[in-house]
Amino acid sequence: MIQYVSNKGGGSPVDFETAILDGFACDGGLYVPTRLPTITHTQLRQWKNLAYVDLAFEILSLFIDRACMTEAELRELLQTAYAPFEKEAIIPIHQLKCRKNLFIMELFHGPTLSFKDVGLAFLVNLVDFFLKRRKEYRTLIVATTGDTGPATAYFTAGKSNLSAWVLYPKGMVTEAQERQMTTLPHSNIHPVGVSNCPDGGDDLDLVIAQLYANKSFKDKVQLSSVNSINWGRILMQTVHYFYGYLKTVDTIGEHVDMAVPSGGFGNLCAGGFARKMGLPVHTFVIANNTNASLHRIFSEGVFSKNAIFETPSSAIDILIPYNFWRYLYFCVAGDAHKIKEWSAAFLSKGSVRFDATTYQEYTKGFLSASISDAATLQLIQEIYASDGYLLDPHGAVALAAADAVKEALGDRKMICLVTAHPAKFPDVITRALHTDSLPEEGRHHSIEKAKNKCEKVYLCSHDHLEEALLDIMNADWDIAHTIKD
Ligand SMILES: *Cc1c(COP(=O)(O)O)cnc(C)c1O
């Protein structure tokens, strides 16, 4: 059976349940499977017409030991997780008229309207399932650039064995996203708006790492995370690559290209794994906005951190694509020692240049582009004018990147991953369309409804965030776990 090890080589192999509940490996590394299963064309042919949830069942079954979860339990968990999705297809595919051979994979029909729902629907329900069986509790903490927070809050709300602290950089997420976190009435959900974050969401990740390093606190509140360091997110995200492929191709074995709006490289790490498992993807197009960390890694061979730009595609205003380390592990034949050295060098010097052999290996099958704000806005307008289809800014970055590298690609089908609903970014949409009034396609009833609700939120400055969180999280744990008589 597949086990999980740290990509930095510390500790011993653990089972699926441990990898999920731990989040980070014990040496601070990311869990990676000891091997990736191979999926043959025969299997793909058998899966061609499966519904999303049934396909997810087949793929996850290759990774999850039956001793850890029965077939019936996994099926039920998937049914529960994806029931709140709005479209029966879960992830519908839309074909554009104005671009030949271009298919849009709509990953935003979950309850909080971004692709984060796809991974978190499964992961939060899975964590809850394990905790109930163990009669244990966990305090989840996540940092968000606007979409992880709402999805974590939504799926954790009302769960008896979980609470969630969702940290967001105040003023750097849209009001629609903020209200998705602050208008939930459940007592186990705690949004924290943090002011004065010079590096946006990356600043919050650092504070979370400090809380993790505080062992007595971590053990007391049973701290855990469902951000994309968690293997469960990456695993679940492999499924939509298979699903999109199967729904798009005429014959199994045909190669396609895929463009993905990217920040932390979680989504693309999953895509890379899907291809290593046997999915016929010729080229993945890594779509960055002007925060071009991944573009620098893939075009210059340098992993480095620059100052942050605030862009219309704010969910990918991410400086450190930490899931790249997870993918890289598989490109250096599992040499954990190298991963450990490179990540240490990045931490101490702020930048790492990879050797030519490594560079050649990890760039295989990837192209990248960095898209300007103006190009993003213009494409939203162009596609709306020609097709009546309203892209969100992240989908627009992906499509613009696909356009930018078109010469280097053949005439294969291009599947463009659209990761958010435009209703989450009303100001960007009105700016792009040069209008004061949001068109119908840019609205969503859940966002409208949240405008009339009370907000509940903790506010804090980044300057003393760690101390403030220790205090409030300790107190909240004591209140929630004191037996009342
Ligand atoms: C999180 C997010 C992304 C980026 O995904 P990564 O896994 O961090 O690369 C892209 N688009 C939207 C809308 C997101 O919320």
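Biologist: Which element gives the largest share of the lining of the largest cavity?
Modeller: This is a predicted model. Helix H8 (201-213), helix H10 (231-248) and helix H11 (266-277) each give two or more residues to that lining. The largest share is three residues, and the element that supplies them is H8.

Biologist: How many cavities of 30 Å³ or more are there, and what is the volume of the largest cavity?
Modeller: The count comes to three cavities at that cut-off. For the largest cavity, the volume is about 430 Å³.

Biologist: Which residues that line the largest cavity are the closest to its centre?
Modeller: The lining holds nine nonpolar, 15 polar and five charged residues. That lining has 29 residues. The closest to the centre are Lys116, Thr148, Gly264, Ala315 and Ile318.

Biologist: Where does the ligand sit, and which residues come nearest?
Modeller: The ligand sits in the largest cavity. Its shell divides into six nonpolar, seven polar and two charged residues. There are 15 residues around the ligand, and those that come nearest are Lys116, Asp147, Gly264, Asn267 and Thr419.

Biologist: How much of the ligand's exposed area does the protein bury?
Modeller: Start from the ligand taken alone, which exposes 380 Å². Of that area, the protein buries 96%.

Biologist: What is the volume of the second largest cavity, and how many charged residues are in its lining?
Modeller: Its volume is about 60 Å³. The lining residues are Thr145, Pro169, Met172, Gly200, Gly201, Ile308, Ser314 and Asp317. By class they divide into three nonpolar and four polar, and the charged count is one.

Biologist: Now the open sites. What is the volume of the largest pocket, and which residues lie nearest its centre?
Modeller: The volume of the largest pocket is about 1,100 Å³. Its lining divides into 18 nonpolar, eight polar and eleven charged residues. Of the 37 lining residues, those nearest the centre are Lys8, Phe24, Gly28, Ala209 and Ile229.

Biologist: Which element gives the largest share of the lining of the largest pocket?
Modeller: Several elements give two or more residues to this lining: helix H1 (16-22), H8, helix H9 (215-221), strand S8 (223-224) and helix H14 (336-349). The largest share is eight residues, and they come from H8.

Biologist: How much space lies in the second largest pocket, and which residues are the closest to its centre?
Modeller: About 500 Å³ of space lies in the second largest pocket. There are 28 residues in its lining, and the closest to the centre are Thr174, Glu175, Phe425, Pro426 and Asp427.

Conventions. Residues are numbered from 1 along each chain as its sequence is written. This is a predicted model: local features need pLDDT of at least 70, side-chain atom pairs count only at pLDDT 80 or more; totals for chains, interfaces and linings use all residues. Side-chain values use heavy atoms; hydrogens and water are left out. A residue is near a molecule or strand if one of its heavy atoms lies within 4 Å of it. Accessible areas come from the Shrake-Rupley method with a 1.4 Å probe; for residues, only the protein chains shown count as cover. On a 1 Å grid over the protein atoms alone, a cavity is a set of points where a 1.4 Å probe fits but cannot get out, and a pocket is an open set with protein on both sides within 12 Å along at least five of seven lines; lining residues have an atom within 4 Å of a point. A molecule sits in a cavity or pocket if more than half of its atoms lie within 2 Å of its grid points. Ala, Val, Leu, Ile, Met, Phe, Trp, Tyr, Cys and Pro count as nonpolar, Asp, Glu, Lys and Arg as charged, and the others, Gly among them, as polar. Grid points are joined across faces, edges and corners, and a volume is the space filled by probe spheres set on the points. Helices (H or I, at least four residues) and strands (E, at least two) are DSSP runs, numbered from the N terminus.
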